[in-house]
Amino acid sequence: MVPRERPGRYRVAVIGPGALGSFFAARLSRVIPTTVIGRHTVEVPHADWVIVLVKAYDTPAALRTARRMKPLGIVSLQNGLIESVPQGVTTAAAYREGKRVVPVATGSTLLPPGFETLARYLCRAGFDARVVRDIRTARLRKLLANVCLNPVTAAFGVRNGALRKLPYSVFAEVLAEEAAPVLAAEGLAIDPKAAIRRVMEVARATAGNRSSMLQDVLAGRRTENDHLTGALLRMARRHRLAVPTHAAFHQLIDVMEQGLESSGQRRI
Ligand SMILES: NC(=O)c1ccc[n+]([C@@H]2O[C@H](COP(=O)([O-])OP(=O)(O)OC[C@H]3O[C@@H](n4cnc5c(N)ncnc54)[C@H](OP(=O)(O)O)[C@@H]3O)[C@@H](O)[C@H]2O)c1
């Protein structure tokens, strides 16, 4: 039986008052009672639908909070493969500039089955949102773009559009070629050539953007390396497939992060 929505609660709670969480919460609150929950919120209200938008490595704590809200459903719109909660994908984008959140795009948001009501709220708030039956395919397609764009842009300090041109295109293409058989083994119908085309298309469509990993590196923050490239490495190991360039970028980003942490300095 599908539980009915109850009154006297927030319709939506967004966990993670960062760039994307604030963007979603600000728009949703114009059309529906919405709350946004930060790291140190003591009194957690009840809510019907919870959207998790913390960085991937903060997911366990966010989920503990989410469950206290007695929701009808919890959905992650984070990057990286999150297996502990239903996960959608979004191409909405925003970034932080000091204390200000700058919206970049409302994009398109795909949700797993069961989140039809939330999709309706998101549409009313101006997001292009819908439920798709095969959400895993959408998640793997997003992972492909993430594992090819993020490490290269972060390592070289370039915007997404740079990946379409030499010398960066060489790295993006090799990463796409290596990722394709792994993602195919996971169920995404894609060959290496199609993977390259897809990555180049995302680089074109988001040419002016700084990837989230580049933003994290520039701000001296921890990246989602382990949930992006790390997730692909774990899949590759499971399927006994070689992904040496991904492994090299994984290590490189790791070293960059450790360097930033130990020196306390920004790279650029
Ligand atoms: N930004 C984008 O355009 C974009 C686009 C697509 C997907 N995503 C994905 O969306 C997720 C969020 O990204 P973002 O850019 O919005 O990150 P962000 O700006 O770093 O925001 C994350 C927020 O979560 C808060 N937080 C951490 N742990 C928490 C907890 N246990 N409870 C409540 N709040 C907590 C953080 O607080 P502190 O500041 O105290 O750490 C921060 O305010 C990531 O997985 C990212 O890859 C982002």
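Buried means under 20% relative accessible area, exposed over 50%, and partly exposed in between (1.4 Å probe, protein chains only).

## Basis

This is a predicted model: local features need pLDDT of at least 70, side-chain atom pairs count only at pLDDT 80 or more, and totals for chains, interfaces and linings use all residues. Residues are numbered from 1 along each chain as its sequence is written, and side-chain values use heavy atoms, without hydrogens and water.

## Aromatic pairs

The whole structure holds seven aromatic pairs. Rings of Phe, Tyr and Trp (its six-membered ring) pair if their centres lie within 6.5 Å; planes under 30 degrees apart count as stacked, over 60 as edge-to-face and the rest as tilted. Phe156 and Phe171 make a tilted pair, 5.1 Å centre to centre with 40° between the planes. Phe156 lies in helix H4 (residues 135-156) and Phe171 in helix H5 (residues 168-185), 15 residues apart. Helices are DSSP runs (H or I, at least four residues), and strands are too (E, at least two), numbered from the N terminus.

Phe156 counts as partly exposed, at 36% relative accessibility. Phe171 is also partly exposed, at 30%. Ring pairs link Phe156, Tyr168, Phe171 and Phe249 into a cluster.

## Helix H8

Seven of the ten residues of H8 (residues 229-238) are buried, so the helix is largely enclosed by the rest of the structure. Among them are Leu232, Leu233 and Met235. Arg240 follows H8, with a positive phi near 55°.
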